[in-house]
Amino acid sequence: MRLLLPPSETKLSGGTGPALAIANLGFPELNPIRTLVAAQLVALANDVAECRRLLGLSPTQDGEIARNAGLLDSATLPAIERYTGVLYRELDWPTLPPGAKRRARSSLLVFSGLWGAVSPQDPIPYYKLKMSASLDGLGRLATWWRPRLDEALGPVLRGRTVWDLLPQEHAAAWTPAASSCRLTVA
């Protein structure tokens, strides 16, 4: 069984892991695309007005832009610890027994506008980017990621029961039929 989760809008700042090494993320076939999206997000930070527009930020949230600018050099945390929204708070990762954590590591996948899909243990830095954002040359990220996620996740999801807990903007980033899975939408 696999559970597809969205990232959360809220994230824990900082980190205890080394700077991002995209090669350390799961689904290595996505790494060239991740590198491209990350580079565009970092470059976008040079245009504060456009960054505010694209990310839906107010001038009081310019710290988010500065964090995106430092994305490639920022400390990391496992994805399951980075995200702090309601779903992740209720999952309460720190209190799960070892067996539950082991099962979660092998069954959870988090869809992200920046990373495509990551596993709970993948070390990621703090970032701000929605799956519904449109980047120059790429267009809307959900549309950009769809064929790439279909190809990468197809073998992983094929024949499995998949619980899709994704909101619409993230669900648009993959085609369930491409993986021939048994889909349950929650």
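A bit of housekeeping before the details. Residues are numbered from 1 along each chain as its sequence is written. Because the model is predicted, local features need pLDDT of at least 70 and side-chain atom pairs count only at pLDDT 80 or more, while totals for chains, interfaces and linings use all residues; side-chain values use heavy atoms, with hydrogens and water left out.

**The five-strand sheet**

Helices here are DSSP runs of H or I with at least four residues, strands are runs of E with at least two, and both are numbered from the N terminus. Two strands count as paired if DSSP finds at least two bridges between them. On that basis, five strands make an open sheet with mixed pairing, in the order β5-β4-β1-β9-β10. β5 (116–118) and β10 (182–185) are its edge strands, each pairing on one side only. Neighbouring strands in this sheet are turned by 25° against each other on average, direction ignored. Such angles run from 0 to 180 degrees between N-to-C directions, with axes fitted as lines to C-alpha atoms, for helices over the stretch in contact.

Further in, β1 (residues 2–5) and β9 (residues 161–164) run parallel and are joined by three bridges. Leu 4 has Asp 164 in β9 as its bridge partner.

**The three-strand sheet**

The other sheet is also open, with antiparallel pairing and the order β2-β3-β6. β2 (17–19) and β6 (123–124) sit at the edges with a single partner strand each, so one side of each has no neighbour in the sheet. Two bridges connect β2 to β3 (residues 75–78), and β3 pairs with β6 over two bridges as well. Here is who faces whom:

| Residue | Partner |
|---|---|
| Pro 78 | Pro 123 in β6 |

**Helix α7**

Back to the five-strand sheet: α7 (residues 141–157) lies across β1, β4 (108–112), β5 and β9, and runs at about 175° to β4. The helix has a kink of about 35° centred on Leu 149, where the bend at a residue is the angle between axes fitted to the seven residues ending there and the seven starting there. Buried residues in α7 include Trp 144, Trp 145, Leu 149 and Leu 153. "Buried" means under 20% relative accessible area, "exposed" over 50%, and "partly exposed" in between, with a 1.4 Å probe and protein chains only.

Pro 155 also belongs to α7, but it counts as exposed because its relative accessibility is 55%. Its C-alpha atom is separated by 9.1 Å from that of Ser 180, 25 residues apart along the chain. After α7 comes Gly 159, with a positive phi near 80°.

**Helix α1**

α1 (residues 31–44) has 14 residues and reaches 20 Å from first C-alpha to last, close to the expected 20 Å. That expectation is 1.5 Å times one less than the number of residues. Its buried residues are Asn 31, Ile 33, Arg 34, Val 37, Ala 38, Leu 41, Val 42 and Leu 44. They cover an arc of only 165° around the axis, so they lie on the same side of α1; the arc is that of the directions from the helix axis to the C-beta atoms. The buried residues of α1 pack against α2 (48–55), α3 (62–69), β5, β7 (134–135) and α7, with contact meaning heavy atoms within 4.5 Å.
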